[in-house]
Amino acid sequence: FFSYLCYSIIRDWYKINRGITLKNYPRDYNMHQSGDKTYYEDKFADAGFVEVGVNDIQTGDVLLLSINTRHVNHAAIVIGEDTILHHWVNRLSDTDSLCKWLRATKRVVRYAKD
């Protein structure tokens with residue numbers, strides 16, 4: 001279920017909608033098998049994101065998701081009140097219901113860099 005493209009769509013959304021250029025980190029297609037279980041948390045923190053509460057979700061926040069594993073291996077961006085945008089491997093980017101994905105959400109992070 002892992003998709004390294006999910007970070008790319010988040011970077012694109014921030015550039016288009018907020019005029020913010022997020023760092024582009026190298027991502028190995030099979031990095032989820034390499035044992036680096038904190039890759040997403042580490043990179044989002046380095047890019048200027050801070051954790052926020054799940055009860056305070058706003059447009060532009062990023063869901064760090066755990067799909068069929070204990071560690072974070074997917075991310076989605078909140079683009080509306082109950083709408084996320086994400087990219088699954090071997091699929092087109094798509095929107096979905098935020099509520100549908102809350103169960104898989106491990107952390108919610110918000111861009112907070114000056």
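**Salt bridges and aromatic pairs**

Lys23 comes out as partly exposed, with a relative accessible area of 41%. In this predicted model, the side chain of Lys23 meets that of Asp46 in a salt bridge, at 2.9 Å from N to O. The two partners sit in distant parts of the chain, 23 residues apart: Lys23 belongs to the loop between helix H1 (5-18) and helix H2 (39-46), while Asp46 is in helix H2 itself. Asp46 is partly exposed too, its relative accessible area being 38%.

That contact is one of five salt bridges in the structure. Another pairs Arg110 with Asp56, whose side chains meet at 3.3 Å, N to O. Here Arg110 is part of strand S6 (residues 105-111) and Asp56 is part of the loop between strand S1 (49-52) and strand S2 (62-65), so this bridge ties together pieces of the chain that are 54 residues apart in sequence.

Through shared partners, the salt bridges join Asp56, Asp61 and Arg110 into one network.

Turning to the rings, a search of the whole structure gives eight aromatic pairs. One of them is Tyr7 with Phe44: the ring centres are 5.4 Å apart and the planes make an angle of 85°, so the arrangement is edge-to-face. Tyr7 is in helix H1 and Phe44 in helix H2, so the contact ties together parts 37 residues apart in sequence. Tyr7 counts as buried at 3% relative accessibility, and Phe44 counts as buried at 2%.

Phe44 has a further edge-to-face partner in Phe49, at 5.1 Å centre to centre and 85° between the planes. Phe49 is buried as well, with a relative accessible area of 5%. Zooming out, Tyr7, Phe44 and Phe49 belong to one aromatic cluster that also takes in Trp13, Tyr14, Tyr25, Tyr40 and Tyr111.

Conventions:
Residues numbered from 1 in each chain as written. Predicted model: local features only at pLDDT ≥ 70, side-chain atom pairs only at ≥ 80, totals over all residues. Heavy atoms only, no water. Salt bridge = Lys/Arg side-chain N within 4 Å of Asp/Glu carboxyl O. Helix = DSSP H or I, 4+ residues; strand = E, 2+ residues; numbered from the N terminus. Buried < 20%, exposed > 50% of the residue type's maximum accessible area, 1.4 Å probe, protein only. Phe/Tyr/Trp six-rings, centres within 6.5 Å; stacked < 30°, edge-to-face > 60°.
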